[in-house]
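This briefing is intended for a reader who is meeting the structure for the first time. Please keep the sequence and the model in view while reading.

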Amino acid sequence: MNALYIVCGLGLTALVAELFNARKILSILVILGLAAAIGLTIPELGTSISYFTNMVLIDNFSMAFSILIMAVTILWFWMAQDYFNQDLEHYTDRASLVLFTVAGGILMVSFNNMAILFLGIEVLSLSLYTLAGSKRDSLASNEAAFKYFLMGSFATGFLLLGIALVYGATRSFDVQGIAASVVIGSATLPAFFYVGVLLILVGLAFKISAVPFHFWAPDVYSGSPTSVTAFMSTVVKIAAVAAFVKVFSVCFAEIAPSWSFVLKIIMILTLAVPNLIAAAQDNVKRMLAYSSVGHVGYILLAFLAQPESSASAIFYYLCAYSVASITAFAVLLQVEKSNSGTDIVHFNGLFKRNPLLAVGLTIALLSLAGIPPLAGFFAKYLVFIQAIERGMISLTILAIVTSLMGAYYYFRVIIAMFLQEPAGDTLTVSASQKILIVILVAAMFALAVLPDYLLELI
Amino acid sequence: MLTTLLIFFPLAAALLIFVLRSKQSHVIALSAAFIELILSAIAVYQFKTGDVYDLRANFLWIERIGLSYYVDIDGISLLLVLLTTALVPLIILSSFGKSFSKPSTFYGLILVMQMALVGVFVAQDGLLFYLFWEVALIPIYFICLIWGGENRGKITFKFFVYTLAGSLLMLIALIYLYLQTPGTHSFDVDALYAAGQSLTYPEQGFIFWFLFAAFAVKMPVFPFHTWQPDTYTVAPTQGTMLLSGIMLKMGIYGVIRWLIPVVPVGVITWGYTAILISVIGIIYASCIAIVQKDFKRLIAYSSIAHVGLIAAGLFTLTATGLQGAMIQMISHGIVVVGMFFIIDIVFDRTKTTALAELGGIRNVAPQLATVFVITLLGSVALPLTSGFVGEFLLINSVFQYRPWLGAVAGLTIILGAVYMLKTFQKSMSGETNPLTASFTDLKWNEKAVLYPIVVLIILIGVYPAPILSISEPAVAKLLELYSPLTAIR
């Protein structure tokens with residue numbers, strides 16, 4: 001709970017920081033504050049306490065995901081220094097919006113009541129709509145914000161109607177209450193209850209950008225400022241996936257047959273479609289956007305195989321995915337800055353222009369493609385093991401085929417970096433970004449060598 | 001402990017090279033490879049004296065994933081480790097005197113490759129084996145990508161996707177077996193053997209094909225070979241040597257360790273099919289080799305033919321076939337590395353590998369021609385060369401299995417003689433032309449690579465007993481499994 005207070009407090013501090021001319025120390029303050037919040041959360045692991053008349057439940061699930069969200073946010077702040085510095089007027093606004101997004105994300109992983117879930121999603125989304133449009137003079141950024149807002153509102157509407165219908169059938173907003181009614185009265189539940197469940201599924205599928213509810217994602221991801229894209233495809237994705245897992249594993253696990261078929265189709269589409277489209281992209285930012293949609297497919301495969309016991313595998317998957325994504329975006333930002341573009345041709349000969357960036361991006365892409373001994377391999381391995389344990393061999397083979405497609409488009413970038421003639425002069429990078437990339441690369445190996453600790457969190 | 005050192009010493013050396021970025025990277029790499037060779041010699045000594053406990057290490061690494069760090073060296077592993085540690089110094093030495101970009105990265109990657117290869121050959125845990133198997137792909141991919149020839153982007157990518165697809169099928173099979181192990185599952189080699197052997201007949205068939213796909217791509221066996229000729233041609237010579245000399249043996253080793261004992265019923269059922277496609281591959285690749293106009297491509301195809309024979313011998317499931325495969329792996333590794341180096345020397349001097357443009361090199365470079373003759377004889381399996389021992393055992397085993405298959409497989413020796421002698425004739429004999437007239441004979445480092453190879457080819461051919469005796473007990477142990485199953489064979 002302390003984490004939520006600290007993040008909200010930091011957000012408010014950021015709002016008023018302009019008054020005290022504290023802009024310069026704000027980044028440091030935010031990073032230290034988030035680190036403190038993580039530090040305060042770790043000793044509480046293993047406990048399970050509910051707050052606000054049982055509306056928020058802080059257990060291991062919530063704390064593990066909160067820590068991940070905050071840790072990735074720290075890395076993101078480190079990575080996105082330019083995003084703040086290039087528009088000093090809005091430095092503090094942007095920082096506070098990011099922090100409120102994080103607060104919404106923490107609510108989304110800690111809810112014990114459908115109302116709090118809704119509140120969390122709204123807090124997160126509203127801040128994010130603004131962030132997507134934070135490059136005010138760019139048409140693409142405005143378009144992204146508008147599309148995101150429109151689609152996001154639709155999704156929230158579906159979700160809200162679903163929650164209302166489920167409430168009508170079970171007379172409860174409480175997560176455990178709904179689960180209890182489902183267990184007791186699964187034979188007598190009215191038909192509109194199932195409609196409600198499906199609407200919740202659709203609403204959350206929008207949020208995790210599962211196919212066919214993903215249409216907003218590529219446009220929003222490629223239109224938003226690159227730093228914001230990095231934020232959306234990591235921090236926001238973690239929160240949305242965790243909320244999805246919690247709703248369906250706690251409330252509706254008992255009636256899995258009623259939604260698992262729909263989810264299976266969503267999963268198959270989410271594996272196949274974005275990976276196919278990503279292979280045809282010539283813009284790396286857009287390619288990463290599609291690939292981030294594709295990764296949801298693997299998470300859904302693990303979830304679908306074992307809805308009740310896949311949380312730790314999904315948590316690990318998100319850790320591995322986030323670290324690799326942040327690395328990829330950190331390099332992408334540097335290339336964008338130097339070449340004012342993110343097409344594959346802009347990555348040509350990066351190995352000659354700056355070996356560290358090229359090697360860092362290569363390792364990140366190899367991890368995303370699931371090549372051992374990197375974290376991404378173990379993440380995929382855990383997914384496969386979950387699926388094969390339940391006899392889903394044909395779906396696992398599908399996942400393997402899409403992994404190969406993934407290898408195809410990730411390797412296009414790698415080949416461009418190592419093979420082509422440089423697309424510019426030597427690229428210099430600030431010392432802090434160098435350190436960040438080294439840390440991220442080390443993290444990708446460390447997550448792979450010692451995943452036990454992470455897997456035991458949940 | 002020693003085994004662990006064997007795996008990770010090259011990695012440490014590679015990291016040192018990456019960090020130092022010294023001009024003397026090649027010297028550091030060569031010294032590291034020599035130290036590694038000495039370490040493997042100590043391993044042989046320990047193995048011979050029966051001090052095998054020091055070679056084994058086994059502890060739980062990642063509990064939740066079921067991964068143990070379990071390495072051990074038996075006779076089969078030892079021979080392949082020896083092959084790796086003996087060939088890597090030669091491969092490094094063969095690059096001396098050449099200038100290319102980013103040498104420290106190049107030598108570092110070769111040593112990372114060596115780490116993965118040794119790891120593959122000693123891992124006794126299914127997942128650990130898989131990890132090393134995949135890790136081996138990364139350095140060789142980048143060696144081919146950064147220092148390769150024309151059109152390397154597409155060709156190396158095809159290679160990568162082929163092998164990755166095969167490996168992922170293997171991963172499914174390994175996970176499937178893992179989930180069949182009792183209790184808190186385990187990837188331990190013996191547990192996987194027990195799990196595989198307890199499977200029903202159709203399940204064993206499915207596991208067989210999933211595992212076979214990975215190994216067949218790596219070797220490569222017809223019809224999984226289409227990545228190989230292009231990749232061998234486009235890769236830098238050292239990359240081709242690593243691919244053909246050592247990496248190809250990963251596939252054969254995989255069949256011996258992770259296929260034959262795992263699903264015996266599947267192997268007996270589908271073994272005939274596997275032998276059939278291997279034999280088809282022998283004839284097919286030999287015929288293509290005969291019409292090749294390019295020296296390097298010719299050797300690439302001849303390699304497919306040789307590997308086809310090894311694969312056929314493996315699936316006969318006889319001691320003769322397996323022992324033949326073991327010694328032929330060693331012999332092929334040595335011969336093919338020598339052969340590709342000779343091609344590299346010729347290319348270095350004349351800037352071409354087209355056979356039609358060569359000729360008369362024997363007149364100006366008698367030492368090279370002599371070395372080439374001996375390597376060539378090893379390749380066509382002349383008695384008293386290393387190739388003879390292996391090919392004789394292999395053809396013998398296939399002949400026992402089905403006489404007509406043995407007869408067809410035996411054609412490899414004749415066809416091999418045809419294309420190899422034709423190659424010699426076109427490149428070495430005849431009159432010199434303007435391109436070959438100024439050909440200089442072997443330099444010091446070329447001698448240092450080729451003389452040991454020639455000595456080994458003859459030594460193993462004359463006295464193969466020490467090598468055969470190393471792998472014999474392990475092979476016999478493997479085949480014990482099949483004695484109760486002979487009835488259905």
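This is a predicted model: local features need pLDDT of at least 70, side-chain atom pairs count only at pLDDT 80 or more; totals for chains, interfaces and linings use all residues.

H11(B) contains a kink of about 35°, which is centred on Leu243(B). H11(B) has 22 residues, and its first and last C-alpha atoms are 30 Å apart, close to the 32 Å expected at 1.5 Å a residue. The helix is mostly covered, with 22 of its 22 residues buried.

- Helix H6 of chain B runs over residues 137-147 and is mostly covered, as 11 of its 11 residues are buried.

**The loop between H9 and H10 of chain B**

- Met219(B) and Pro220(B) are joined by a cis peptide bond, with omega about -5°.
- Pro220(B) has its place in the loop between H9 and H10 of chain B.
- A cis peptide bond also joins Phe222(B) and Pro223(B), and its omega is about 0°.
- Pro223(B) is likewise found in the loop between H9 and H10 of chain B.
- Thr226(B) is placed in the loop that lies between helix H9 (201-218) and helix H10 (228-234) of chain B.
- Thr226(B) counts as partly exposed because it has 14 C-beta neighbours inside 10 Å, whereas a buried residue needs 20 or more.
- From Thr226(B) to Leu393(B) the separation is 167 residues in sequence and 28 Å in space, C-alpha to C-alpha.

**Positive phi angles in other loops**

- Ser209(A) has phi near 55°, a positive value in a residue other than glycine.
- The loop that holds Ser209(A) lies between helix H9 (191-207) and helix H10 (216-223) of chain A.
- Ser209(A) counts as buried, because 28 C-beta neighbours lie inside 10 Å.
- Arg21(B) has phi near 45°, again a positive value in a residue other than glycine.
- Arg21(B) belongs to the loop between helix H1 (2-20) and helix H2 (25-48) of chain B.
- Arg21(B) is partly exposed, because 13 other C-beta atoms lie within 10 Å.

**The contact between the two chains**

- Across the interface, 23 residues of chain A are in contact with 22 residues of chain B.
- Helix H17 (375-389), helix H18 (393-419) and helix H20 (452-455) of chain A are the elements that give two or more residues to the side of chain A that touches chain B.
- H18(A) gives the most to this side of chain A, with 11 residues.
- By class, the side of chain A that touches chain B has 19 nonpolar, two polar and two charged residues.

**The largest nonpolar core**

- The largest nonpolar core has 378 residues, of which Ala302(A), Tyr317(A) and Ala136(B) touch the most other members.
- Helix H14 (residues 311-339) of chain A supplies the largest share of this core, 20 residues.
- Leaving aside residues up to four places away in sequence, Ala302(A) touches Ser310(A), Ala313(A), Ile314(A), Tyr317(A), Leu382(A), Val383(A), Gln386(A) and Ala387(A).

**Chain A as a whole**

- Chain A has 20 helices and two strands.
- The C-alpha trace of chain A spans about 70 × 55 × 40 Å along its principal axes.
- Of the 458 residues in chain A, 60% are buried.
- Residues 24 or more positions apart make up 80% of the contacts in chain A that have a separation of 6 or more.

**Chain B as a whole**

- Chain B contains 21 helices and two strands.
- The C-alpha trace of chain B spans about 70 × 55 × 45 Å along its principal axes.
- For 489 residues, a compact globule would have a radius of gyration near 23 Å, and the 22 Å of chain B agrees with this.
- Buried residues account for 58% of the 489 residues in chain B.
- Of the contacts in chain B with a separation of 6 or more, 81% are between residues 24 or more positions apart.

Definitions and conventions:
Residues are numbered from 1 along each chain as its sequence is written. Chains are lettered from A and ligands numbered from 1 in the order in which they are written. A nonpolar core is a set of buried Ala, Val, Leu, Ile, Met, Phe, Trp, Tyr and Cys residues joined through C-beta atoms within 7 Å. A residue is buried if 20 or more other C-beta atoms lie within 10 Å of its own, exposed if 12 or fewer, and partly exposed in between; C-beta atoms are placed from the backbone. Helices (H or I, at least four residues) and strands (E, at least two) are DSSP runs, numbered from the N terminus. Two residues are in contact if their C-beta atoms, placed from the backbone, lie within 7 Å. The radius of gyration is taken over C-alpha atoms; the globule rule is 2.2 Å times the number of residues to the power 0.38. Ala, Val, Leu, Ile, Met, Phe, Trp, Tyr, Cys and Pro count as nonpolar, Asp, Glu, Lys and Arg as charged, and the others, Gly among them, as polar. The expected span of a helix is 1.5 Å times one less than its number of residues. The bend at a residue is the angle between axes fitted to the seven residues ending there and the seven starting there.
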